Amino acid sequence: MNKQARQQAIMDMLSERDEILIATICRHFDVVPMTARRDLKELEQKGLVIRTHGGAVLKEKKIQDTETSLLKRSKQRVDEKRRIAQTALTFVHENERLFIASGSTINIFGLHLMHTMPLTIVTNAINIAYHLSTDDQLHLIVIGGELRKNSLTLTGPMALHDSQQFRLDAAFIGINAVDETGRLYCSSVVESDIVESLFETVPKIYVLADTTKMMQRHFVPIHSHKPYTLITTYEFTAEAQEPFEKKGIEIVQCL
């Protein structure tokens, strides 16, 4: 089977499943791992797939996953997200000025912040603002922008401008994917702009990610070389940790 036929067969297999692994390609087409990786790389360059740790998913399926409503995502992997939120809370100190982004894990983190200590909170997530508005200890600032309905996030040039107006101590953000090198990914350019801006202006960045986000790639990579703290339930091996440590990324595992 030539390369074109094999790649089309890979696409056909992906249309019937959530993910295809390199090992499956090797076994099914009798090729070596290097050939399988090259096929997936070329399919990714054509905009057809997104490579993951050890395989790939259809790009259209990955994007569809991120467009799942926040309400639905908030009901998935709840115990895992609670452990991440509880751990993240230990990095918060009284009277700090924090940026709280959007996402189902970040939403749970926001609920854990309530009635704990006086804080100044800047957020672009209207669901988080709604919940935190009932806590008299919190000074709450909501930045403006265009609403992304599935994430309940305010984005765009206005949100980007507003997010740059404050001197903050730390930012807590959710993410769509973290690859094997520690690079972060978002699902949209407008959200990636805000994340990149936070990396430029905020001294401490905390990334909250459950196991489904780890060793994955997504639609829009974040362009920043600044180290951050990753709070996750993913169980790292020593080998997997090495690329993160080389970049100065601190890993906090919630096991």
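This is a predicted model: local features need pLDDT of at least 70, side-chain atom pairs count only at pLDDT 80 or more; totals for chains, interfaces and linings use all residues.

Me: What about C186, buried or exposed?

Reply: C186 is buried, since its relative accessible area is 2%. The cut-off for buried is under 20%.

Me: And how many disulfides does the count come to?

Reply: The count comes to 0 disulfides.

Me: OK, new topic. Which residues have the most contacts inside the largest nonpolar core?

Reply: Those are F99, I173, I175, I205, Y228, L230 and F244, in a core of 30 residues. Several elements give two or more residues to this core: strands β9 (170-174), β11 (184-186) and β12 (204-209), plus helices α10 (189-201) and α11 (238-246).

Me: Which of them gives the most?

Reply: That's α10, with 4 residues in this core.

Me: Why would nonpolar side chains end up together like that?

Reply: In soluble globular proteins, nonpolar side chains tend to be buried together.

Me: Let's zoom in on F244. What does F244 touch?

Reply: If you skip residues up to four places away in sequence, F244 touches V178, D179, E180, T181, G182, M214, M215, Y228, L230, F236, I249 and I251.

Me: Now the surface. Which residues form a nonpolar patch there?

Reply: I126, V142 and L147 do, and together they have about 210 Å² of accessible area. L147 sits in strand β7, which covers residues 146-148.

Me: Why does L147 count as partly exposed?

Reply: L147 counts as partly exposed because its relative accessibility is 38%. Partly exposed is the range between under 20% (buried) and over 50% (exposed).

Me: Got it. Switching to charges: how many salt bridges are there?

Reply: The structure holds 9 salt bridges. One of them pairs R6 with D39, where the closest N and O atoms are 2.5 Å apart. R6 lies in helix α1 (residues 3-14) and D39 in helix α3 (residues 33-45), so this pair ties together parts that are 33 residues apart in sequence.

Me: Are those two buried or exposed?

Reply: Both R6 and D39 are buried.

Me: Can you give me another pair?

Reply: E191 forms a salt bridge with R148, and their closest N and O atoms are 3.0 Å apart. E191 is in helix α10 while R148 is in strand β7, so the pair ties together parts that are 43 residues apart in sequence. E191 counts as buried at 13% relative accessibility, whereas R148 is partly exposed at 27%.

Me: And what is the bridge between K246 and E242 like, how far apart are the closest N and O atoms?

Reply: For K246 and E242, they are 3.5 Å apart. K246 and E242 both lie in helix α11, 4 residues apart, which is about one turn of the helix. K246 is exposed with a relative accessible area of 68%, and E242 is partly exposed with 40%.

Me: Now some loops. Where is R77?

Reply: R77 lies in the loop between α5 (70-73) and α6 (78-89). With 40% relative accessibility, R77 counts as partly exposed. Leaving out neighbours within four places in sequence, R77 is in contact with D210, T211 and T212.

Me: What separates the C-alpha atoms of R77 and L138?

Reply: They are separated by 28 Å, and R77 and L138 are 61 residues apart along the chain.

Me: What about G156, where is its place?

Reply: G156 is in the loop between β8 (153-155) and α9 (157-163). G156 counts as buried because its relative accessibility is 12%.

Me: Last one: where is E19, and what is it in contact with?

Reply: E19 is in the loop between α1 and β1 (20-21). Leaving aside neighbours within four places in sequence, E19 is in contact with L14, T52, G55, A56 and V57. E19 counts as partly exposed, at 32% relative accessibility.

Terms used:
Residues are numbered from 1 along each chain as its sequence is written. Side-chain values use heavy atoms; hydrogens and water are left out. A nonpolar core is a set of buried Ala, Val, Leu, Ile, Met, Phe, Trp, Tyr and Cys residues joined through side-chain atoms within 4.5 Å. Buried means under 20% relative accessible area, exposed over 50%, partly exposed in between (1.4 Å probe, protein chains only). Contact means heavy atoms within 4.5 Å. Patches are made of residues with over 30% relative accessible area and no salt bridge: like charges are joined within 9 Å, nonpolar side chains (Val, Leu, Ile, Met, Phe, Trp, Tyr) within 5 Å. Accessible areas come from the Shrake-Rupley method with a 1.4 Å probe; for residues, only the protein chains shown count as cover. A salt bridge is a side-chain nitrogen of Lys or Arg within 4 Å of a carboxyl oxygen of Asp or Glu. A disulfide is a pair of cysteine sulfur atoms within 2.5 Å.
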